[in-house]
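Colleague: Could you walk me through one part of this model, strand by strand? I'd like to know who sits next to whom.

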Amino acid sequence: MRTNPLLEKEFRQRMRTMRTPVIITGYVLCMVILTFFLLYENVQGQLYLVQPTKSQQVFVILSLLQMVVVAFLTPAFAAGAVSGERERKTLAVLLTTPLSPIGILLGKILSSSALLVLLVVVTLPVYSLVFLYGGAVPQELIAVLGFQLFTIVMIATLCVLFSTIALRSTWSTVLCYGTVSVMMVVFGAVGYGLKMMYQQNPIELFSLHWANFILALNPLYVEASLEGAVAGTGRDWLTFIWFYVVVNLVLLIPSLWRLRPQWFSRLPGGRSHTEKQYQ
Amino acid sequence: MILTQNLVKRYGKMVAVNEMNLSVDRGTVFGLVGENGAGKTSTLSMLATLSTPTDGYAYINGYEVSRNPREVRRSIGYMPDSFGVYDELTVMEYLRFFADCYDVDRRLVRSRAEELLERVRLTDKRNTYVNALSRGMQQRLEIARCLMHDPEVLILDEPSSGLDPRSRMEMRAVLQGLRDMGKTIVISTHILHELAEVADEIGILRKGELVAVAAIQVMLQHSNAYRTLVLCSQGDDDGMMRVLAEDKQVLQVERGRMGVEVLYAGTHTQQAALLTRLVETGVRLTQFTEKPTDIEDLFLRLSAVQEGM
C-alpha cells in the first residue's frame, strides 16, 4: 500500500529545514533543565531526601507543562495547512488529482502532528529520571503519553479543519488559538468556578454536573486526573474523547464542502454557492 | 474527446458561460480565445472538475464531468491560469509527488520525469529547488507536471501569461512539441497570435458565448476577404486617392506613418486591376503591399460583426 503522497511530501519539506532540529533540541534541553531543577528544588540538594510523593508531583508538573507546550505549538504547524495551500495557489491543482478530500485532510493532519508527536516521544527519557525515585508507575506514563498523543492529533485535526473552512491563514490561526485557549483556560476557569459555586451551595447539583462536564473538556484537568483513571476511578478522559471526536466530525462537513462543493450540489440550494474558494 | 452540450455556468445572476456547445476531436489542439471575463477560466474549471456546471453537460474521454469526476481527473492534466508551486521541493521531487498523487507506477516515475524534463527543456534543473526557477521555467515545469500521469487531455489556462517574450517563445516551442505528441489540448489565451502556430481550431468566446469556432486555416482564409493594403507614392497623392475613391472594393482609407492604409474587400484579381489602374493613371508607386493578416485583427473584426448583430 502506498503512503499518502501529501504526508510524504510534507515530511520531506518539514524535516529538511533547520527549524525542525532546532525546535527538537531546544525543547529537549528545556525539559531536561526543568526536570533537574524541579527534582533539585524538591530535595533542596539532599538527594537522599527524595520521596515518592515528591517524585509524583514532578511527574505531574512535567506532563502538564508538556501538555501546555504541545497544545499551543500544534496550531503553529497546523493552522495554515490547507489555507496555506489555497494562498500559495496549489490547492486547485491538488483538487484536480485523484486525491480525495479526506486523503488531503488526513495527510495534512498527520503531517502537522508528526513533529509534535516526535517532541513528546523524545522527552520520554526525561520522564525516566522521575522513575528513579518511584512515585509514578509505568501505567501512568503510558496513559499520559497516550492522552497527549490523542490531544495533539485532536488539536491538529481541529486546526486543519479550521484552515479548510476559514479560507485565510490569518483567520484560521485566530480560530485555532482561540479554540486552544478556550480548551486550556476558559473551560478550566468556568469548571472550577461552577465547582466553587457548588461547594458554597451544595444544593446546586446542577452546577456540579456542569462543572464536571466542562472540566472534562479541559486537557490539563483530564491529564491530571489520569492517575485516578489508571486506578480505575475516573472516566473524564472518555468524555474528553467523545466530545472532541463529535466536534471534529461536525467540522468535517463544512470542510468537505469547501474542498469539494460538487458533493453537496445535489442538496437543496447546493448549486447556488460561488465555488470561488480555489482561488 | 471533449464535448459540451448547452453548458451553462452562473455565479448568482451573472452568466459566466452560456449554452456552450463545443466538440474537440482526439489529437486536436483547440484554442479558446476571449477577452478577460469572457468565460474561459469558468469553462476550463468545469472541464477540470473544479466547479459544477449550473446546467448542461460536459464530457471528457466519454466521462461526464459531474457524474464521473474521478475518471475525468485521471484523463486530464490541468494547468490553472495562476498557479503556485511547492517551493521547498526539487524539480524531480515535485514531479514525483504528483506522480504519486496519480498513483503512477514508481518504476516508471524516474524515466518519465527525465523524458518530460527533456521535453520542457529543464533536464539540467532536475535537482534545483523549484523556488530557484524563473517564472518561465516554473510554467514549463507545470506542463511536465500535467503530463506525469500521461493524460489524454491537457487543459491549459493561459499557459503563457506573465512571461517575457523569450519565455513565451520557449513555451510556444513546448506547446508545439505537445501537439506532436498527439495529445488533445485545450488552451485558453487572450494573446491570439500565439495560437496561430500551435492550435488546429479556435473558438472565440465573448461574454460567455462561443461566437465562432473554426479551423485556424479557415479563419485565416476568411480573413483574406478583408485585406489591408499599404500604398506609398512619390508626389501625386491626390491622383492615388481619386483612383482609390473610384474602386468599390475599397472600404476604408487611412493615412498612416508607413503610407496609405487601405481596407480592401476585393479578390486578388481585383487587387491586381487596382494596381494596374494606379500605374496607368500615372501614380508613381513606391510600395503596394498586403499587410500580413494578424489573427488578432480577425478576432476584432469578428467581435465587431457580433457586436453589430
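Modeller: Strands here are DSSP runs of E with at least two residues, helices are runs of H or I with at least four, and both are numbered from the N terminus; two strands pair if DSSP finds at least two bridges between them. This is a predicted model, so local features need pLDDT of at least 70, side-chain atom pairs count only at pLDDT 80 or more, and totals for chains, interfaces and linings use all residues. Residues are numbered from 1 along each chain as its sequence is written, while chains are lettered from A and ligands numbered from 1 in the order written.

Now zoom out: E3 and E8 belong to an open sheet of 6 strands in chain B, ordered E6-E7-E8-E3-E9-E10, and the pairing is mixed. At the edges stand E6 (76-79) and E10 (209-215) of chain B; each has a single partner strand, so one side of each has no neighbour in the sheet. Going from one strand to the next, the twist averages 15° (angles run from 0 to 180 degrees between N-to-C directions, along axes fitted to C-alpha atoms, for helices over the stretch in contact). Packed on this sheet is helix H5 (residues 135-147) of chain B, which touches E6 and E7 (153-157) of chain B (contact means C-beta atoms, placed from the backbone, within 7 Å). The direction of H5 makes about 160° with that of E6(B).

Definitions and conventions. Two residues are in contact if their C-beta atoms, placed from the backbone, lie within 7 Å.
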